[in-house]
Amino acid sequence: MSTSETARAAILGRIGRALGVGDEDRDSREKAVKAWRENRAKGRGAPRPERAAKPQPQRLAQFVAESTRNGSTVIEIDDLAALPATVADYLRGRNAGGPLRVAPHPDLEALDWGGAEIGEWRTGPATQDDAVSVSVAVAAAAETGSLAFVAGPETPATLHVLPMHHVSVIYASRIDGGYEDAVARARVANDGMPRILNVITGPSRTADIEQTLLMGAHGPQAEVVVVVKDR
Amino acid sequence: MSASTHDGAAPVSTGDFSADARRAIADEQLQTVLSRFSRVSPASRAETISRLPEFELLRDAGKAIKDHALANLDVYLEQFEAAVTEAGGQVHWCRDAAEARATVLQLCRDVGARTVTKSKSMATEEIGLNDYLEEHGIEPVETDLGEYIIQLRKEPPSHIIMPAIHLNRQQVADTFRAAHDHLPPGRKLEEPRIMLDEAREELRSRFLGADVGMTGANMLIAETGSIVVVTNEGNADLTMTLPKTHIAVSTIEKIVPTLDDAMTVLRLLARSATGQDITVYSSFVTGPKRAADPDGPETFHMVLIDNGRSAMFDGGFRDMLRCIRCGSCMNHCPVYTTVGGHAYNSMYEGPMGSVLTPGLRGLASAGDLPNASTLCGKCETVCPMKIPLPQLLRRWRQRQHDARLNKPAQRWGLGVWSFLARRAWLYRIVSRLGAVALRVGAKGRGRLGRWPLAGGWTAARDLAAPSSSGGETFMAAWRRGQRR
C-alpha cells in the first residue's frame with residue numbers, strides 16, 4: 001500500500017471507531033447522508049434569509065443597491081449593442097485606458113468594438129499587459145450584489161483577476177434572489193460544475209496595512225457591472 | 001524596543017505566555033494597533049449583522065450542518081474523494097504534519113517546481129510547510145498582502161485572517177525597503193496605497209512565474225468534490241489559475257455535505273470575520289482545467305490532512321471541529337486584544353487557538369493557553385458555529401489538573417478548597433475565621449494594602465476587607481436576607 005492508502009485507512013478507521021464500527025452504524029450513517037441530500041435537493045434545507053428570496057420585480061433594484069454598497073460601479077443599459085460605447089464612456093470618465101481584452105463569448109464577439117473609439121482590443125484569456133477586461137456573468141445573486149462566472153472557453157478565468165478594470169455583463173433576467181439559485185443556474189448552464197466557479201462581489205481589496213481599506217490589491221481596482229435590461 | 005521587530009533583537013514568541021504577554025502589554029506600538037483593532041472589528045461585525053435579521057437562525061443552521069457532517073464524516077470524506085477523482089483531481093491522505101510535508105514536496109518535485117505561489121492557508125502554517133520547502137530548495141511565496149509582509153519579516157502570523165495586524169505602516173515601509181532592494185532606497189513609502197502598489201507589482205511577476213500554485217480551502221464540498229476558497233484580494237484566484245499545477249492543502253473537518261450548505265456557511269463567514277456581507281472572491285474549484293478551457297492548471301491535487309483531528313473527534317473536543325476560522329472569537333476577546341497574537345505562540349490565537357493548540361501539540365507544551373482566558377464567554381456568543389469555547393477551555397483545565405500538569409501550588413490550593421467545599425460546616429468555620437482575619441488585618445480601614453498570597457492583586461489596588469462593624473461572611477449575610 002502507498003503512504004496515502006495507509007493513511008486513508010488509518011484516518012477513516014479512527015473516525016469510524018469514534019462513530020461506531022458495526023454494520024448497522026455504518027448503514028445508519030449512509031442513510032442519514034442520503035436523507036440529507038434528498039432534503040436539500042427538494043429545496044428543504046437551511047433557512048433562506050428574506051433578503052435572499054425577494055420576488056423578481058424587486059431583485060434588480062436590490063442587486064443594484066447591494067453591488068454599489070460593495071464597491072462596484074453599476075450601469076444599466078437597454079440593449080447589449082450599447083456595450084462598447086458604454087465601456088468607452090466609462091474609461092474616458094475615469095481617465096483610464098490601455099489594452100482591452102474581451103471574453104471570446106458569442107454575445108460579445110458580435111458587437112462592434114472597433115466603432116467605439118476604444119483603442120486596442122482583442123479577445124481571449126487575459127495577459128499581464130491587459131488593462132481592461134469584459135466578460136459575461138452567467139448568473140447573479142441580488143442578496144449581496146454578487147456575480148457568478150463559469151470558467152470555460154467563453155469565459156476565461158484570468159479575465160476576472162489580471163486587469164485593473166473588470167467589466168461584467170449581466171442580463172437582468174439572470175439576477176436571482178440568493179446564492180443557491182445563482183449557483184444552481186450556473187451549474188445548469190454549464191452542465192455540471194466548471195473547473196472554477198467565481199462568485200465575485202465588488203473590486204479586489206485589502207486592509208492588511210493598519211486596517212486601511214484599499215481597492216485593487218491583486219485583482220481589479222474597479223469592478224464595473226453593466227446590467228442589460230432584457231425584460 | 002518593540003517586541004515585534006525583525007532584526008533578530010527579540011523573537012516574537014518565547015513560548016512562555018506570561019512573559020510574552022507582559023512584554024506585549026509594555027509595547028506601546030502594539031498597544032496602539034490593538035486598541036484600534038479592538039474597536040473597529042466588533043463594530044463592523046455588528047453593523048453587518050444588523051442588516052441580516054436571520055443571523056441567529058443561520059448560526060443554528062450552520063451548527064446543524066457541521067454537526068451532521070462530523071457525525072457522518074467517514075461517509076462524507078469518501079464521497080468527497082470520489083467526486084474529486086471523478087472531476088480529474090487526485091486526493092492524497094496524510095495522517096500528520098510530516099506525511100503532509102513529504103507529500104507536498106514530492107508533488108512539487110514531480111513537476112520540477114522551483115517556486116510555489118501560495119494564498120493564505122492555516123493548514124500549511126500548521127504543518128510548517130514553508131520552512132520545509134525552503135530547506136529542500138523550493139521557494140514558497142506568500143501572496144496575501146499580510147502574509148507576504150510577515151514572510152519578508154520572518155515572523156509568524158498574529159491573527160488567523162489578519163496576519164500582520166501587529167504592525168504599523170512604518171514597520172511595513174521598513175520591511176519593503178529592506179526586501180525590495182532593487183528599487184531606489186530613497187523612494188517615498190509613507191502611504192499604505194504606495195506600499196500596496198509596490199507589493200502588487202513585486203508579486204505580479206511571482207504569480208506569472210510560479211511552477212505550482214498552492215491554496216488552502218475554506219470548505220470541502222462532498223456532493224461535488226469542490227473546494228471553496230475565499231479571499232478579498234483575488235490572490236487565490238491568481239494562484240490557482242496561472243500555474244500549471246494546483247495543490248490544495250486542507251484538513252478533514254472542513255467537509256460540508258452539499259453546495260447549498262456551503263452557501264449557508266458563506267453567509268456566516270465574512271460577516272463574522274471582517275464584517276463584510278461576503279468576501280469579494282468566493283471561488284468553487286472542481287478538479288483541473290477541462291479540455292476546452294483556455295486557462296487554468298493541468299493538474300489538481302488535494303492534500304487531505306488529519307493532524308490530530310480524528311483524535312479530537314473522540315476526545316471530547318468534537319465541537320471545536322466546527323470552527324470555520326473566521327477569527328470572531330479573538331476579535332472580541334479581552335485577552336487577545338490586550339496581548340496580541342504572538343503571545344499564544346501558535347498559528348491559532350485567541351480562544352479558538354487556546355482550545356485547538358493543546359489538541360494539536362499536547363497539553364504538556366501548550367498548557368498555558370487554556371488558562372489564558374477570563375472565561376467571560378464573549379467568544380461563544382459571537383462564534384458563528386456556536387462552539388462552546390469557555391466549556392472547552394475548562395475541559396482542558398480539568399485534564400491538566402487530572403494529569404498533574406498544572407503548578408503544584410495551584411493543585412494544592414484547589415485540593416484544599418475542594419476538601420472544604422465538600423464539608424459545609426468546616427467551610428463555614430474557615431470562612432468565618434478568614435473574615436475575622438481580614439477585619440483584624442485591615443485595622444478598621446475597611447481595606448488592605450498587602451495580604452499574604454494576594455501580592456498580585458494588592459500590587460495595583462487595595463483588597464476590600466469586611467467592615468469592622470459587621471464582618472460577617474457572604475453566607476451569613478445571605479441568610480440574614482441581604483440578597484443584593
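Two strands pair if DSSP finds at least two bridges between them.

**Where the chains join**

Start with a pair of strands. S9(A) and strand S9 (residues 281–285) of chain B run antiparallel, and five bridges link them. Within this pairing, Ile196(A) has Val285(B) as its bridge partner.

An open sheet of eight strands has the order S8(A)-S5(A)-S6(A)-S9(A)-S9(B)-S6(B)-S5(B)-S8(B), and its pairing is mixed. What stands at the edges of the sheet? Strand S8 (175–176) of chain A and strand S8 (255–256) of chain B do. Each has a single partner strand, so one side of each lacks a neighbour in the sheet.

Now look at the chain B end. Strand S5 (residues 219–221) of chain B pairs with S8(B) in the parallel sense, over two bridges. Ile221(B) sits opposite Val256(B) there. Helix H12(B) packs on the sheet and touches S5, strand S6 (226–231), S8 and S9 of chain B. The direction of H12(B) makes about 165° with that of S5(B).

**Helix against helix**

H12(B), residues 259–273, also meets H6(A): their axes come within 9 Å and cross at roughly 140°. That angle makes H6(A) oblique to H12(B). The crossing is right-handed. Which residues of H6(A) meet H12(B)? Tyr179(A), Glu180(A) and Val183(A) do, and they face Leu259(B), Asp260(B), Met263(B) and Leu266(B).

**The whole contact**

Chain A gives 62 residues to the contact and chain B gives 81. On the side of chain A that touches chain B, the elements giving two or more residues are these:

| Element of chain A | Residues |
|---|---|
| Helix H1 | 3–19 |
| Helix H2 | 23–41 |
| Helix H6 | 179–190 |
| Strand S9 | 196–200 |
| Strand S10 | 205–206 |

H1(A) supplies the largest share of this side, twelve residues. Sorted by class, the side holds 29 nonpolar, 21 polar and twelve charged residues.

**How confident is the predictor?**

The complex gets an ipTM of 0.97 and a pTM of 0.93. Chain B has an average pLDDT of 93, and 96% of its residues score at least 70. Residues 1–9 of chain B have a pLDDT below 50. Beyond near neighbours in sequence, that stretch has 22 contacts in the model. Where pLDDT is low, predicted coordinates should not be read in detail.

Methods: Residues are numbered from 1 along each chain as its sequence is written. Chains are lettered from A and ligands numbered from 1 in the order in which they are written. This is a predicted model: local features need pLDDT of at least 70, side-chain atom pairs count only at pLDDT 80 or more; totals for chains, interfaces and linings use all residues. Two residues are in contact if their C-beta atoms, placed from the backbone, lie within 7 Å. Helices (H or I, at least four residues) and strands (E, at least two) are DSSP runs, numbered from the N terminus. Ala, Val, Leu, Ile, Met, Phe, Trp, Tyr, Cys and Pro count as nonpolar, Asp, Glu, Lys and Arg as charged, and the others, Gly among them, as polar. Axes are lines fitted to C-alpha atoms, for helices over the stretch in contact, and angles run from 0 to 180 degrees between N-to-C directions. Angles under 35 degrees count as roughly parallel, over 145 as roughly antiparallel, 65 to 115 as roughly perpendicular and the rest as oblique. A crossing is left-handed if the near helix is turned anticlockwise from the far one by less than a right angle, and right-handed if clockwise. pLDDT is the predictor's confidence in each residue, from 0 to 100.
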